[in-house]
Amino acid sequence: MQTTETLFETFKNVLALSNKNNDPSISSERIAEIRKELDSRILPETPLAELGLDSMTMTWIIVKLEEELDVDASGISIFEIFDVQGLMDELIQLRD
Amino acid sequence: MIGDYNQLPKHLIHVILENTSRNNASIIFMDKTENYHDYSYLELWSDIKIAANDLVESGVKSGDVVSLILPTSKEFLSYFFAAQLIRAIPAAIYPPSSITNLDSWSKKTKSMLESVDSKVLVTNKKIEKFCYKLKSETTLKFFCTEDSSREEISKNSYDLELLNDNDICFIQFSSGTTGNPKPIVISQKNAILNVYAIIDSLPSDAEDVDVVSWLPLYHDMGLIGGLMTPIIGGSKLVLIKPEDFIYKPSLWLRAITDHRLHTTTAPNFSYGLVAKRISKEEIQKFNLSSMNAFLCGAEMVQHKTVEKFLEFLKPAKLNPNSFTPVYGMAETTLAISFGDFKKFTEPLKLDPVFFSEGKVVENEEGIPVYSVGKLLKTFQARIISNDGEVLADDEIGNIQVVGPCVSQGIYKGDSLLENGWLDTGDKGFFHKDELYICGRSKDIMIIRGANFYPSFYEEKISEINGVRKGRVVVSSLYNEATDSEEIIVLAEVNKELTKERRDELQKTLNDLILKEGLPLLKVVLLETGTLLKTSSGKIQRKKNVDHWINKTLEKSKFQNSKLNTLYQIGKINLLNIKNNIFNQENNNANN
């Protein structure tokens, strides 16, 4: 079962990978670099609005998280979620 | 029906009270799972009194502006009308979201709040979290609806007899296509008269004007057309949240089918969204035969969008005569004119040469222009030249209106009238008693002394394969080298275009402009999401061109319009994303 900590790690993995959505030519090495940067930049209380995501990337992330966690997140009102912790809380509820 | 104004109600609170005993008057909220939730007028009246107590306890006094940042909900309705009960003034502002540029939103919202000297902002706990930048930069008192004491205001604290039609009904912030949104004052008289004029122009009798609306309530079309029309008419209202409609446009048609509704109003893009997002199989399940008014306003009507919509909805028994373009603006409360319901309005086709010279001459191959119909009762209109000369029919000029639905002006600011008339800012003409709109005066391109209207070229360019529909700006700029105005085109293109296709597209757009006989400065192909829009989804022509000149037009990571953002999401929806990801991964695996 996903704990909050592992869920947070999964989220950061997906967030790093989402850069491929905007730039398919980006290398795996660069994705790994971005992933490392996220550890210092992103906290559970970081507002989603500060992640610099557009609507399409946000949706891509939700879909990827659905696959990783094997849940149906279509009921989540992503635009009403304030911070990373809020998103994880919604996802944990789907898993339980 | 308007006949004797003295017979009309003088205040919306009086209407709400009357509706507590009217059989057909009802409010129903529809959620995204297609469930309906009744909200009786008795419950609304009780909630209004509770909300009024909350406002008074928060220090709100008569004459104060109460700002609201709330979704479409019982809370919006109760706090909006509660402000009116205690003779304060409600002002609705569009809410932020998880992908809003909070710096930009906070700055704009702060400016709006300061323009009306608002001291209290009513919101909910979810939205309050997004307001942290706003909170740190203002001394505004925040009240969250969840903190309501749930106690009703005492009868001594309000007086129904004092409520009258000179009271301010609400403040409407204009769309802000140029500069910050302006706070326009709408009185009870403005609102009630405009609604009665609207009802008078609809095919049904007042008590049968059953409405469905998904429009945001911070927008005049949602507030007056969607909410106040069925309230004042004493009829049925089904309300859908805009984000739910964008997520699932079929909710709109489901509500009409289930409740046999008559009237709805929406901008052009949403008719296109329905035709794009609902499957042909699903359409068969709907029955739209009860509808006699699909109103289309707030942005220019695109005739191809209309044709697709009507064709697509034939299996759902849509009466094509029910579709009608409408014209209006916040400064006139809402509606100025309605098209003819008895026939689907075919566009007038105008000779382009005469058109550019300001004259209306019909030509079968010419530029299509849709009628926005006849003026609603209470309005007079005239067309004047730039020199102030009143023009005759079939001459194009500046549209001016006058009447009791025209706003008294900007909050604690100037009147909107000049010489007794409101200049709408639009160019148009009268032809056989009907009004036609050509475009915004400030957007006109004057090339070699002739007038050209950007929207016609934008629509043509939008139809080209590879160009993102509705994401085009056509304007003119002065070219020093040739000492003349020349055309600039900014067009967003689809992501997956190859370099060859982009080059081809560049050439196609160049040729299109040159073929129209216009001097071309440049066609600029842009990435998805670059062009800026207002909170109501209107393209900001001048702002985009200015950014391009200053080399600051870069791909925006944020949408500055929630509605536009949700439209972007709606275009792809989760199912399509899943399919795309699956296909992409399969392609990667096969390479």
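## Confidence and overall form of a predicted model

Chain B has an average pLDDT of 88, with 90% of its residues scoring at least 70, pLDDT being the predictor's confidence in each residue, from 0 to 100. Over residues 556–591 of chain B the pLDDT is below 50, and beyond near neighbours in sequence this stretch has 73 contacts in the model, where a contact means heavy atoms within 4.5 Å.

This is a predicted model, in which local features need pLDDT of at least 70, side-chain atom pairs count only at pLDDT 80 or more, and totals for chains, interfaces and linings use all residues. Residues are numbered from 1 along each chain as its sequence is written, chains are lettered from A and ligands numbered from 1 in the order in which they are written, and side-chain values use heavy atoms, with hydrogens and water left out.

Chain A contains 5 helices and 0 strands, these being DSSP runs (H or I, at least four residues, for helices; E, at least two, for strands) numbered from the N terminus. The radius of gyration, taken over C-alpha atoms, is compared with a globule rule of 2.2 Å times the number of residues to the power 0.38. Chain A is as compact as a globular protein of 96 residues, because its radius of gyration of 13 Å is close to the 12 Å given by that rule.

| Property of chain A | Value |
|---|---|
| Span of the C-alpha trace along its principal axes | about 35 × 25 × 25 Å |
| Radius of gyration | 13 Å |

Among contacts in chain A between residues at least 6 apart in sequence, 65% join residues at least 24 apart.
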